[in-house]
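Hi there,

Here is the structure I promised to pass on to you. Have a look first, and my notes follow below.

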Amino acid sequence: QILDCPSTQQRSALFVRVVREELDNRLSVVQPACRVLQPVLCVRRVMLSLAQQMLTCTRPCPDIMPLFNTEIGNSWLKSIEIARKSGHFQQAYTNILTVEPYKPKGLFVEKAKLLWAKSEPEGALNTLQRGIEHHFPDSAEFKNFPVHERSDDRKLCAEAKLLIAIYNDENVNIDMETNLNNYISAVEVCRNWEKSIVCLAQYKYKYLRTFCDNPEYLSKTLEYQVYIINYFGKSLQHGCEYIYQSMPRMLSIWLDFGTQLAQDSISNRNTSSLAERRTAMDKMTTLIGTYIERLPTYMFMTAFSQLISRICHPQKDCYKILRAIIIKIIIAYPQQALWMFLSVYKSPYTVRVKKCEDVLRSSEIQQEGALCQTISDFRELFDKLIELGNKSNTEKGAVSIKSFLSSLYRLVSSPTFSKIVIPLQKFRTISLPRSTSSYHNPFPEDMVYISGMKEEVVILASLQKPKKITLIGTDGKQYPIMCKPNDDLRLDSRMMEFNSIVNMYLQRDADARDRGLYIRTYSVVPLSDASGLIEWVPNLVGLRTVITATYKQRGILISNKKYKEICCSRGDLLVKKRQVFLEKFLPSHPPVLREWYLRQFSHPTTWYLARTSLVRTLAVMSIVGFMLGLGDRHGENILLDSTCGDIVHVDFNCLFNKGERFDWPERVPFRLTHNLVNAMGPTGVEGLYRHSCEITTRVMRQQIDQLMSVVRPFCYDPLVSWNTDKNARDENAEITNEKALEDIQNIESRLQGIVRTRNRAQSIPLSVEGQVRTLIAEATNIDNLCQMYIGWG
């Protein structure tokens, strides 16, 4: 079929479509591991070589033969890349020598990446410079070409120029202004490549921070902020691989600038620059308005939490655009957006309620008749669920919903009740396309809506008396949900969003993916600032429940009265606390978690898999928890999955090192007590646990810009209770909280490798291995454990 095409151009196009694209599509569904991909690529090269020989003997075609060589060369380049990323440098070098006769253009880029991976920066930079000069002597003219002319050559040239900029930045070879031109050059060569545009915007942002506080550079600062917003917006037009960096950062710069301008205008501060700053504000707002039209709505949906947290923005033009984005999202994805938006509507602050009313009463939404009815039913459902959570009852166990709160039962069972999706994680998680598409649906097609509920409501036996209800879906299945009162779940919801993004980056990393590293997540829906819904995860049992049940079975369970007799007071000397811990607490509390795993998973294979799951999920959450300052990890906030052995964390209200301010301050970075260490097997923290911690730390460091882009909006989030004094919070809630900014800086420093402990004020940035080693040592330190709250260690 290829040979029968009348022209060389048609033959080449068909060859690329049939051979290259078809083989690449097949390769994309193969497990992305070195041991799997390398044999597949080897077979591909053999197949192409045989096909080339057969054509040479039977039907020679001079214009097709070079295409076979190109494909074989590209296959070798892929093998080099896989070997390099897997750390097999000698194999990568051998492949480079093998592919030399095929002379693929991209070989010089792979050589440079290998040299950089082997810590030879000068060799890498020289290889890139020579490669550009040899293969692209006309690269200066590329910026004048139409977008699709010589696209492959321009993309390769842009990649080489971008690597030069990145390597110079990491190696601090040249000054920032000179290196900025390298980033600009990479964008000019290929104007439709997302990565180069994101890197340029990120570098400009880094450059901006070096002189943003200097009034002499005001004009330059304003100009740069406008450019940065424009570049982040442009990058989103060409892909969404870096959306969790581009979108939050673009919105933050614009909204933060507007907030500062509004505050200075009201207080008459910095009046000399107000006119210039207002002009810049107009430019930024115009750009955001432009990108609202150009970018698909699902891109803004990824930052919906950030958008609704700024709904009280004091700058009128900012609020107008912000309102337009929120309205557009609600119209496009009402099922997911309203579960998030109405919790702000239930705020105790009248300003936020009025802003929400302004959105819901907008002409755009009022024109959507069915949507108005859905919003009305959503609001009534929220009211009834909040009432259910707060309804007091002295009974425990199962009660009838018809006698407990019949109005809720009637509402969801009514035939006129709108289609409202059941708030499970799988129906609320955004899936992104491989490339930008205006027609992409980020949510599942097979949504399940509420069609009724079971009559039985289970009142759980805990302090807050949460209620377990069971919703019936349109698919006929039952979906249990926990309605939790007297608890602010907004931080839990944001933490779940962050964990989902960490999972995405772990899945993209080869080492993390091979080892199945991930965080167990579930859906959390705040209904107000004091109640919410939590997706019921079956087959979970508390760590404390498992351990105390085993102690009771052995007959060694100590009563609370006995605890109080032998425990130390907070003011006792460290020597006494250590002695009591080692001589009384540890002997009377032997490690028994290992026994539970042996009983629960009796078959050797299932036991081994469960223990491996324990170690991996514990390791990932240990590192993520440390980075975000997660505390309060007592035995009831760590659960075990009795079907697979996973660790599941709950209750994320104690974030940003809040535990250090308890009456009994927390002194360890994460929970790694003797029960957990013993359950890992004979090697303890060595081997699988340590290696999993190192991989997680490395992935988070590699994605530091993206993760900080997600975390930074927290400092302006009025939905996050940074201040423990609720009366001190401003109703407008757009004033920056200094404590929040400090906590954000602490998170960034930990991601950079700095470990701050109670025994060490600060440290230099450590290597991945050094940081993990220090954290494990601190978590298992007897001096730290003996000073924790009674029974914690």
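In what order do the strands of the open sheet of 3 strands come, and is their pairing parallel or antiparallel? The order is β8-β9-β10, and the pairing is antiparallel. Strands here are DSSP E runs of at least two residues and helices are H or I runs of at least four, numbered from the N terminus; two strands pair if DSSP finds at least two bridges between them.

Before going on, please note that this is a predicted model, in which local features need pLDDT of at least 70 and side-chain atom pairs count only at pLDDT 80 or more, while totals for chains, interfaces and linings use all residues. Residues are numbered from 1 along each chain as its sequence is written, and side-chain values use heavy atoms, with hydrogens and water left out.

Strand β9 (residues 638-641) pairs with β10 over 3 bridges in the antiparallel sense, and I638 has H649 in β10 as its bridge partner.

Now for the helices. Helix α6 (residues 121-135) packs against helix α7 (residues 151-171) at an angle of about 155°, their axes being 10 Å apart (axes are lines fitted to C-alpha atoms over the stretch in contact, and angles run from 0 to 180 degrees between N-to-C directions). That makes α6 roughly antiparallel to α7, a label for angles over 145 degrees, whereas angles under 35 count as roughly parallel, 65 to 115 as roughly perpendicular and the rest as oblique. In this contact (heavy atoms within 4.5 Å), the α6 residues include L125, L128 and I132, and those of α7 include A160, I164 and Y167.

Helix α5 (residues 107-117) also packs with α7, at about 15° and with the axes 10 Å apart. That makes α5 roughly parallel to α7. Among the residues in this contact are F108, V109 and W116 of α5, with L156, L163 and Y167 of α7.

Finally, the cysteines. Taking a disulfide as a pair of cysteine sulfur atoms within 2.5 Å, the count is 0. For C199, the nearest cysteine sulfur is that of C190, 13 Å away; for C644, the nearest is that of C693, 19 Å away.

Enjoy exploring!

Best wishes
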